[in-house]
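Biologist: Please show me the model, and let us then discuss the ligand and its surroundings.

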Amino acid sequence: MDCIFCRIAGGEIESNILYQDDQVIAFPDINPNAPVHILVVPLKHIESLVDLTASEEPLMGHMRAVANRLARDAGVSQKGYRLVVNCGPEGGQLVPHLHLHLLGGRKMGSLG
Ligand code: 5GP
Ligand code: ZN
């Protein structure tokens, strides 16, 4: 599978794994946009948010719960943080494997 996140999830590419369970893996973004920038990635290769089936819907809730927990661990829960899912070319998605960005540790600007 020529997918960078599948290769990280499969242990083929070494990464600083911050969290892992039977559904998701989390690791720091290689090119951080904030002091805390963590990616929460499903182990299953789902290309994008639009490809998420009804039965996979609970996975998004789990990803959000894991992100909240990582935000707490990173100490940004109280000051606040941002969760982002980019979807498709105009949504700014570069890696075609669904992922949730956890951004924190600085004041976020407006979206755009
Ligand atoms: P997207 O634009 O698809 O929402 O975000 C993809 C993110 O993945 C980018 O922020 C980029 O820096 C990150 N990224 C791309 N390749 C790698 C990699 O090999 N390792 C890690 N840790 N992050 C990556
Ligand atoms: Zn993949």
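Biologist: How many nonpolar, polar and charged residues does the shell around ligand 1 have?

Modeller: The model is predicted, so local features need pLDDT of at least 70 and side-chain atom pairs pLDDT 80 or more, while totals for chains, interfaces and linings use all residues. Residues are numbered from 1 along each chain as written, chains are lettered from A and ligands numbered from 1 in written order, and side-chain values use heavy atoms, without hydrogens and water. Ala, Val, Leu, Ile, Met, Phe, Trp, Tyr, Cys and Pro count as nonpolar, Asp, Glu, Lys and Arg as charged, and the others, Gly among them, as polar. By class, the shell has 9 nonpolar, 6 polar and 1 charged residues.

Biologist: Which residues come nearest to ligand 1?

Modeller: A residue is near if one of its heavy atoms lies within 4 Å of the molecule. Of the 16 residues around ligand 1, those that come nearest are Asp29, Leu94, Val95, His99 and His101.

Biologist: At what distance does a polar side-chain atom of Asp29 lie from an oxygen atom of ligand 1?

Modeller: A polar contact here is a pair of N or O atoms within 3.5 Å. Backbone N or O atoms of Gly92 and of Val95 each lie 2.8 Å from an oxygen atom of ligand 1. For the polar side-chain atom of Asp29, the distance to a ligand oxygen is 2.5 Å.

Biologist: What share of the area that ligand 1 exposes alone does the protein bury?

Modeller: Accessible areas come from the Shrake-Rupley method with a 1.4 Å probe. Taken alone, ligand 1 exposes 520 Å², and the share buried by the protein is 84%.

Methods: A polar contact is a pair of N or O atoms within 3.5 Å; within protein, one must be able to donate a hydrogen and the other to accept it, and residues adjacent in sequence count only if both atoms are side-chain atoms.
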